[in-house]
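Dear colleague,

I am handing over the structure below, and I would be glad if you could look through it alongside these notes.

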Amino acid sequence: MRHGDAMPATRPIPHPRLWPRLAALLLAAACCSLAVAADLARFDNFRDRKGVPMELKQVAPDLWFLYDDLSSNAAFLVSDDGVLVIDTRQHPQHGRELIAMIRKVTDKPIRWVINTHAHGDHYYGNPPFRALGATIIAHRDTVAGMVKNEKLEFGRRQAFFSSQGLDAKEVRTVLPDLTFDSSLRLQLGRYPVEIFYWGAGQNPGDTMIHFPAQRALYIGGPFARKNWSNMSFTPSIDGWIRLLERIAKMDVDMFLPGHGDVGTREDVLDEARLLADVQAGVKQAIGRGWTKEQIVKALRFPQYADLRNYDRVDVFLEALHHLFTTGKPLFPYP
Ligand SMILES: [Zn+2]
């Protein structure tokens, strides 16, 4: 599926009697697509800012973590049997850069790629990995989200692409090859890798990857350290909070987030607390009969004002208002 392809050059010319109706239809379509474009711009996830410089760090034996504050994180495990990569970043160019970073560490083949959730900033780097012959793995609901929200994902990343000088026309959705429902265990040389799903947190399909030998857990969607996470996809804030509390009980030494630096148990619980506070605030306001506009205007959560993405809080509050008044996320899938 490629974005930005031109329309076919030859199309049948309609009969003149149909022209007024056709003109009206075209006008309606143009207005509609403009409205959609404007709407997508509202959900654009990028505000240009000065981020922490990107850093690749070895966090455990043979486990590397790419902390990319301006965009999104990734990780890779190196074994005698090859390399496993978690998330491919936000553009094919980012994917190629990640491959170059891996090549500085090892010349072993890149065999496995995992897409942790259905947000383009975590899988738009898939094409060069597919070209290398890697098998791309994701939860079945993640694949459903990638298909259903293809236009949304592409549309809401335009500001990022242009601010970073990345060619949007190069972006295409490369879907995973292999899906799982609850868990999958890989053996890479002497390292076991446990891939599992405990239900939706931030998203249906939120996948976690446990490296028992490295005592590390990668959590792409539900955990973003010192960050406001997008709340437009979750079917349940309570479910998301329970998931984070369960994750925090895992016997590991580090929690690797999809956004933000390497996290501790307490960082994971901080995100659960933020979600609980924001949920309580919005539900209380709805209970008082406040409108969506009143909620967005009045609720500010100053205790969380220094976290990443605070400038997007209005859109998150709207999403929660939608979730709590309709029982459905703003962008539901599968
Ligand atoms: Zn993300």
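**Overall make-up**

The secondary structure of the protein comes to 10 helices and 12 strands, where helices (H or I, at least four residues) and strands (E, at least two) are DSSP runs, numbered from the N terminus. Please bear in mind that this is a predicted model, in which local features need pLDDT of at least 70 and side-chain atom pairs count only at pLDDT 80 or more, while totals for chains, interfaces and linings use all residues. Residues are numbered from 1 along each chain as its sequence is written.

Of the 334 residues of the protein, 42% count as buried (a residue is buried if 20 or more other C-beta atoms lie within 10 Å of its own, exposed if 12 or fewer, and partly exposed in between, with C-beta atoms placed from the backbone). Among the contacts with a separation of 6 or more, 68% come from residues 24 or more positions apart; two residues are in contact if their C-beta atoms, placed from the backbone, lie within 7 Å.

**The sheet**

An open sheet of seven strands runs in the order β1-β2-β3-β4-β5-β6-β7, with mixed pairing, two strands being counted as paired if DSSP finds at least two bridges between them. At its edges are β1 (55-60) and β7 (178-180), each of which pairs on one side only. Neighbouring strands of this sheet are turned by 20° against each other on average, direction ignored (axes are lines fitted to C-alpha atoms, for helices over the stretch in contact, and angles run from 0 to 180 degrees between N-to-C directions).

Strand β5 (residues 110-114) pairs with β6 (residues 135-139) in the parallel sense over three bridges; Trp112 stands opposite Thr135 of β6, and Val113 has Ile136 as its bridge partner. On to β7, strand β6 again pairs in the parallel sense over three bridges, with His139 bridged to Phe180. Because four of its five residues are buried, β6 is largely enclosed by the rest of the structure. Helix α4 (residues 140-148) lies across β6 and β7 and runs at about 95° to β6.

**The nonpolar core**

The largest nonpolar core has 72 residues, of which Ala75, Phe76, Leu77, Val85, Tyr218 and Leu244 touch the most other members (such a core is a set of buried Ala, Val, Leu, Ile, Met, Phe, Trp, Tyr and Cys residues joined through C-beta atoms within 7 Å). Leaving aside neighbours within four places in sequence, Val85 is in contact with Ala74, Phe76, Ile110, Trp112, Val113 and Phe129.

The buried residues of α8 pack against β11 (216-224), α7 (237-248), β12 (254-259), α9 (292-298) and α10 (313-326). After α8 comes Gly289, with a positive phi near 85°.

Helix α10 has 14 residues and reaches 20 Å from its first C-alpha to its last, close to the 20 Å expected. Ala319 is found in α10 and counts as buried because it has 20 C-beta neighbours inside 10 Å. Not counting residues up to four places away in sequence, Ala319 touches Met231, Ser232 and Leu330. The C-alpha atoms of Ala319 and Leu330 are separated by 5.8 Å, although the two are 11 residues apart along the chain. Just after α10, Gly327 takes a positive phi of about 80°.

With best wishes

Definitions and conventions. Expected span 1.5 Å × (residues − 1).
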